[in-house]
Amino acid sequence: MKFDLDDTEALYKRDGASAIFNVLGYPEACLEAYELEPSHLPKLRVVPQKIIIAGMGGSGISGDIIATWLQNKVKVPIISIKDYDLPSYVDENTLVVAVSYSGNTEETLNAFLQALKRKAQVLAVTSNGKLREYCQKIKIPFVHVPSKFQPREAIIYLTIPIASFFEKLELVSDLSNEIKATAKTLQKIRSQIRPEVSLEKNPAKNLALQILNTIPVIYGAGIQRPIAYRVKCQLNENSKIHAFYGTIPEMNHNEIVGWSYMQSTDLSVILLRYPKEREEIKARIEIIKFLFLEKKAKRILEIWGCGEKVLEQMFSTMFIGDMASLYLAFLRNINPLEIKPIEKLKRELEKKGTKQRILQELADITNTHLNSL
Ligand code: PA5
């Protein structure tokens, strides 16, 4: 028998670890995250010519969100890197932000190490671990975020402090109105997606039920691109299903061929929309829906971002997608917070010694730095 998402008591019981509570806290998190103060502010030696945000998984997505949110507000390129290595153009004229919730992620620590070696201007956002330890030792400015979450639950705390760092460094101005507006919009959405709102009026419960037993493909255009990726990852980690994502218009140049030649399908489509999409994008979406998706996808669902500002529109679809990933986990009788495969892989990798090498190099750099003072 299918679990009844409207049985609130049973729902909260399934959610022993307060995942629902943490996601429903996004509106307040926006305001709190904006108030978080860095350990100290860097004196920028030079105005950076480019900005790199290095992080993985639930932390790394913050780089994608920032790069899109601030692309028309910050005058230099912002590039999100999710890997061990920084591009060769990272140098002393580059600002590198290392983001790792645990502070112990191998790839991010290596990127942090490379940034230090290349004498880039370095900042960090973390709740703990080696990243925090070395920031404190070498006096790298960092924001310490609350440590009670799973990384992906802390998305707001991992994203807004980066923007607020940029604001303090005068790389962007006056984000406060946008952040307040986002908190308000998320409050409104919360009143529609919380467990107490019945399935027929609750877009997050409805989304979860519609994609149950399908493989969702999430598409986003413009500012919804990073959110399409975020929702895919939340469905992977929280709901523990396969999910894929693509971007519009790019998918018009490849994936529609796959869609048209597909025989039978368990795929569903989630389109992340927003009112200020270009007219050309709106037209493309209508055409692809009619020509390809409606014939092949089990379901086509749309989630619309709301509000005037970019962050409101991005976070509103993310909020619904994140809640839906929890509801889907409960429908599947799964603990959304457990990520045993990721932990297992990390344990296996520890045995390979790479992290030890990175930490040794960080220790050496720290000693050289401290001796030179
Ligand atoms: O959601 C998760 O727990 C993961 O995707 C982690 O964010 C990822 O493994 C990186 O770890 P961290 O965020 O601690 O750097």
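How far is an oxygen atom of the ligand from an N or O atom in the side chain of serine 102? In this predicted model, the separation is 2.6 Å, which falls under the heading of a polar contact (a pair of N or O atoms within 3.5 Å). The side chain of glutamate 237 likewise places an N or O atom 2.6 Å from a ligand oxygen, and for lysine 346 the corresponding distance is 2.8 Å. Taken alone, the ligand exposes 370 Å², of which the protein buries 94%; these accessible areas come from the Shrake-Rupley method with a 1.4 Å probe.

Residues are numbered from 1 along each chain as its sequence is written, and side-chain values use heavy atoms, with hydrogens and water left out. Because the model is predicted, local features need pLDDT of at least 70 and side-chain atom pairs count only at pLDDT 80 or more, while totals for chains, interfaces and linings use all residues.

The shell around the ligand holds 13 residues, a residue being near when one of its heavy atoms lies within 4 Å. Ser59, Ser100, Ser102, Thr105 and Glu237 come nearest. By type, the shell divides into 4 nonpolar, 6 polar and 3 charged residues, with Gly counted as polar and Asp, Glu, Lys and Arg as charged. Helix α4 (residues 57–69) supplies the largest share, 3 residues; helices here are DSSP runs (H or I) of at least four residues, and strands (E) of at least two.

The C-alpha atoms of methionine 56 and aspartate 83 are 7.3 Å apart, although 27 residues separate the two along the chain.

Methods
Polar contact = N/O pair within 3.5 Å; in protein donor to acceptor, adjacent residues only side chain to side chain.
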